[in-house]
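Work through the exercises below with the sequence and the model open. Try each task before reading its solution.

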Amino acid sequence: MDTYRELNVEFPKEIASIQQSVHRFAKDVVRPAAAQLDRLTDPRDVIALDSPLRKVFKQAYQLGYHVAGLPTESGGMGLRGLGMHVLIEELSWGAVDVALSLLCASFPFTAAAATGNPELYEKFTKPFIADREGAIIGCWAITEPQHGSDELVPGTPQFHNPRVSGQVTARADGDSFIISGQKAAWVSNGTLATHAALYLTTRPGAGMAGGGIAIVPLNLPGVSKGKPLNKLGQRALNQGEIFFDDVRIPRSWMLTAADGYELELERTLTFANTAMAAAFTGVARAAYEEALEYSKQRVQGGRAICEHQLVQKHLFEMFAKVEASRALSRAAMIYNQTSATPSLEHAIAAKTFCTEISFQVASDALQIFGGNGLSREYGIEKLFRDARASLIEDGTTDVLSLAGARQILSQNGVSFPAAAN
Ligand SMILES: Cc1cc2nc3c(=O)[nH]c(=O)nc-3n(C[C@H](O)[C@H](O)[C@H](O)COP(=O)(O)OP(=O)(O)OC[C@H]3O[C@@H](n4cnc5c(N)ncnc54)[C@H](O)[C@@H]3O)c2cc1C
């Protein structure tokens with residue numbers, strides 16, 4: 001980073017200082033831990049209490065990175081826009097899997113704070129802010145075994161199809177809701193989380209639009225978890241199913257009911273997509289920097305490979321892609337976190353573009369490493385696997401593009417039927 005040029009001539013000093021500290025943490029703590037975690041063959045070891053992941057969490061919580069987005073008055077770092085982008089890009093430059101695990105951890109607690117309900121803030125957000133051990137961990141539980149893409153297309157006709165309805169339901173019972181059903185094996189942090197931001201169905205006849213968002217402590221009677229998922233890439237970001245068997249929560253823990261659900265989901269996706277764009281800008285930058293460094297060391301034909309013109313061309317194209325990715329993801333983050341009317345289509349454009357760029361740059365970097373790029377001795381094949389997963393994670397590129405297209409078309413006078421099929 002020391003030699004990485006900052007194009008923003010008005011880059012604020014206080015953000016530059018945060019960038020330096022987060023970069024140091026990413027380099028000295030996150031990256032070495034992620035390399036260790038990536039080599040663990042049994043995903044149960046990733047989430048074990050003595051795992052390197054837990055140590056990173058503890059250190060990150062002590063530095064306050066878990067509450068980066070919460071206001072300073074309440075003990076958070078108060079990062080928004082550019083500051084938030086810098087934090088996510090630098091952590092993900094270190095290792096995107098660990099970075100995303102840390103980001104997911106705050107999900108239920110920022111959602112509880114956003115309601116403005118002091119009871120929820122005291123019960124859920126305050127203890128999370130005060131945590132210096134990394135013991136309170138959240139997750140975003142939205143997808144289900146039978147509904148992956150279905151969950152992520154608000155605003156489309158299929159989202160309102162009454163024949164397509166969620167598997168985790170909440171029914172009202174006096175002052176409580178009773179929750180039943182199963183979330184997908186893909187819930188990040190699902191295996192280690194203490195709390196979930198649970199996106200569920202409250203009005204089955206309304207299709208996926210008949211949802212709701214509850215905050216649910218995962219030690220309640222009736223909650224159980226599946227085994228840790230074993231997957232390609234992002235191995236430090238562990239996933240697992242969560243089962244709900246008649247789990248009773250007070251009504252006030254339902255943060256959003258069916259009427260506001262679609263709008264709230266759009267807000268969630270606007271932040272999630274923008275954050276993913278920042279994260280995978282960090283991955284692309286890491287891959288580019290690794291390739292640049294390697295090309296100076298590796299000698300072929302009697303000279304460093306960076307002296308060969310084709311390698312130079314590849315390096316330059318990678319550099320241009322990283323810059324384009326950073327420009328779009330920063331613009332989307334700054335706009336979406338400071339405007340009164342955040343833009344889902346810009347968030348989706350940023351996520352789909354930046355994840356695709358990270359995959360291309362990681363692939364080109366691997367090529368520059370030659371055979372060593374495929375070896376587990378070098379970090380490049382991990383970056384390649386991590387980037388590949390991003391094209392599916394939090395919505396596939398195709399499906400998110402459908403939701404984005406719907407946004408721009410409806411803003412340009414095209415109307416859609418209420419429900420397809
Ligand atoms: C690393 C990772 C982390 C994740 N983290 C979380 C998490 O924290 N919480 C959580 O709840 N979930 C999480 N997920 C789940 C993720 O959101 C889903 O995997 C994703 O939305 C795709 O759903 P699916 O896997 O069920 O695929 P499917 O929805 O079954 O899609 C299969 C294929 O069909 C295509 N397709 C589907 N519908 C359409 C359509 N209408 N038109 C055209 N093509 C279509 C898709 O593009 C895809 O190619 C994570 C996934 C990954 C890989």
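**Exercise 1.** Sort the shell around the ligand by residue class.

*Solution.* Set the classes. Ala, Val, Leu, Ile, Met, Phe, Trp, Tyr, Cys and Pro are nonpolar; Asp, Glu, Lys and Arg are charged; the others, Gly among them, are polar. Now sort: the shell has nine nonpolar, nine polar and four charged residues. In total, 22 residues surround the ligand (a heavy atom within 4 Å). The closest are W140, T143, S149, S188 and T396.

The model is predicted: local features need pLDDT of at least 70, side-chain atom pairs count only at pLDDT 80 or more, and totals for chains, interfaces and linings use all residues. Numbering runs from 1 along each chain as its sequence is written, and side-chain values use heavy atoms, with hydrogens and water left out.

**Exercise 2.** Find polar contacts of the ligand (N or O pairs within 3.5 Å).

*Solution.* Start with the side chain of S149: one of its N or O atoms is 2.5 Å from a ligand oxygen. Turn to the backbone. An N or O atom of the W140 backbone lies 2.8 Å from a ligand nitrogen. For a backbone N or O atom of W186, the distance to a ligand nitrogen is 3.1 Å. Then check cover: alone, the ligand exposes 980 Å² (Shrake-Rupley, 1.4 Å probe), and the protein buries 69% of that.

**Exercise 3.** Which element gives the most residues to the shell?

*Solution.* Strand 1 (138–141) and helix 12 (397–411) each give two or more residues. Helix 12 gives the most, three.

**Exercise 4.** Describe how helix 4 packs on helix 8.

*Solution.* Take the angle and the distance between the axes. Helix 4 (residues 82–94) meets helix 8 (residues 258–297) at about 45°, with axes 7 Å apart.

Key. A polar contact is a pair of N or O atoms within 3.5 Å; within protein, one must be able to donate a hydrogen and the other to accept it, and residues adjacent in sequence count only if both atoms are side-chain atoms. Helices (H or I, at least four residues) and strands (E, at least two) are DSSP runs, numbered from the N terminus. Axes are lines fitted to C-alpha atoms, for helices over the stretch in contact, and angles run from 0 to 180 degrees between N-to-C directions.
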